[in-house]
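Let's take a walk through this protein together.

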Amino acid sequence: MARSVSTGAKIGWSVAAWVVALLIFFPILYAVITSLKTEQEAIAGFSLIPSGTFENYITVQTQRDYFKPFMNSVILSVGSTILALIIAIPSAWAMAFAPTKRTKDILMWMLSTKMMPSVAVLLPIFIIFRTFGLLDSRVGLTIMLTLINLPIVIWMLYTYFREIPGEILEAARMDGASLWKEIVYVLTPMAVPGIASTLLLNIILAWNEAFWTIQLTTTNAAPLTAFIASFSSPQGLFWAKLSAASTMAIAPILILGWFSQKQLVRGLTFGAVK
């Protein structure tokens with residue numbers, strides 16, 4: 001029987017949810033407001049009233065090559081996501097439907113790699129990239145972004161695959177389906193919500209990755225995160241232009257998240273409601 005909730009409680013929880021949402025969204029809102037100010041107004045102090053100038057956006061697009069880092073971000077995020085899914089789907093299938101006594105240990109080991117500070121392995125990674133000529137290259141960064149997000153991708157897919165009845169895969173085997181057909185034609189279509197949410201989350205994580213993109217690139221493969229960091233220079237920090245560049249960088253991912261929010265929520269709650 002469903003628990004009855006009073007109208008006052010509903011209003012109270014709704015107000016609390018809106019307050020939390022506004023607090024989370026406020027930094028983005030203030031960045032947009034700051035991008036519409038002059039540099040003098042931006043450094044003058046806190047103010048929610050912009051002058052309405054688009055000078056900073058024009059400067060970012062004309063004096064800096066915005067299109068190149070934008071395309072680098074698209075290529076790196078999409079490429080690393082596709083590569084991660086190609087590796088993670090068979091791996092998650094093996095752990096979900098053919099587990100061994102070491103499966104849980106492997107999962108915990110993969111998760112533990114996310115607990116290590118990135119700077120702790122910066123030097124060996126840098127030396128490896130320099131040795132193999134992968135510095136400031138899209139190939140090198142795609143591999144790096146794939147590796148750092150792969151544990152999360154495998155964990156999410158493993159969780160989704162565990163919710164799929166094994167009897168369905170057994171029936172496919174009895175009908176003569178090979179292992180490849182079982183994964184491609186039976187398992188993958190049934191886990192589309194989970195795969196879609198994993199794909200979207202990995203694109204967001206790769207798009208927002210700043211540490212490795214700044215450390216391993218200079219110009220050729222620099223994505224939008226490195227593009228934003230370039231507005232901090234020895235001459236000073238240009239707040240208005242930095243805010244304009246940040247707004248232009250987060251706009252595509254915000255639009256993607258807005259249009260795919262239903263699919264994302266559906267995938268993240270996949271298997272939670274029986």
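## A walk through the model

Asp-105 is partly exposed, because its relative accessible area is 45%. That puts Asp-105 between the cut-offs, with buried meaning under 20% and exposed meaning over 50%. Its side chain has a partner: Asp-105 forms a salt bridge with Arg-102, and the closest N and O atoms are 3.5 Å apart. Keep in mind as you look that this is a predicted model.

How many salt bridges does the structure hold? There are two.

Now zoom out to the whole chain. The protein chain has 14 helices and two strands. Its C-alpha trace spans about 70 × 65 × 30 Å along the principal axes. Of the 274 residues in the chain, 36% are buried. Take the contacts with a separation of 6 or more: residues 24 or more positions apart account for 74% of them. As for the surface, the chain exposes about 16400 Å², and carbon and sulfur atoms supply 71% of that area.

Next, look for the open spaces. The largest pocket has a volume of about 470 Å³. It is lined by 19 residues, and the ones closest to its centre are Thr-113, Lys-114, Leu-147, Ile-148 and Pro-151. Which elements give two or more residues to this lining? They are helix 5 (103-112) and helix 7 (138-162). Helix 7 supplies the largest share, with seven residues. Sorted by class, the lining of this pocket has 14 nonpolar residues, three polar ones and two charged ones.

The structure holds one cavity of 30 Å³ or more, and the largest cavity has a volume of about 40 Å³. To locate it, pick out the residues that line it: Ser-73, Leu-76, Ser-77, Leu-145, Ala-206, Trp-207, Thr-213 and Pro-223. Helix 4 (67-97) and helix 10 (192-208) are the elements that give two or more residues to this lining. Helix 4 makes the largest contribution, three residues. By class, the cavity lining comes out at five nonpolar and three polar residues, with no charged ones.

Last stop: Thr-219, which you'll find in the loop between helix 11 (211-215) and helix 12 (224-229). Is Thr-219 buried or exposed? Its relative accessibility is 52%, so Thr-219 counts as exposed. Leaving aside residues up to four places away in sequence, Thr-219 touches Lys-68 and Asp-136. For a sense of distance, jump from Thr-219 to Gly-52: these residues are 167 apart along the chain, and their C-alpha atoms are separated by 32 Å.

Technical notes: Residues numbered from 1 in each chain as written. Predicted model: local features only at pLDDT ≥ 70, side-chain atom pairs only at ≥ 80, totals over all residues. Heavy atoms only, no water. 1 Å grid on protein atoms, 1.4 Å probe; cavity = no way out; pocket = protein on both sides within 12 Å on 5 of 7 lines; lining within 4 Å. Points joined across faces, edges and corners; volume = space filled by probe spheres on them. Helix = DSSP H or I, 4+ residues; strand = E, 2+ residues; numbered from the N terminus. Nonpolar A, V, L, I, M, F, W, Y, C, P; charged D, E, K, R; others polar. Buried < 20%, exposed > 50% of the residue type's maximum accessible area, 1.4 Å probe, protein only. Contact = heavy atoms within 4.5 Å. Salt bridge = Lys/Arg side-chain N within 4 Å of Asp/Glu carboxyl O. Areas by Shrake-Rupley, 256 points an atom, 1.4 Å probe, with all protein chains shown as cover.
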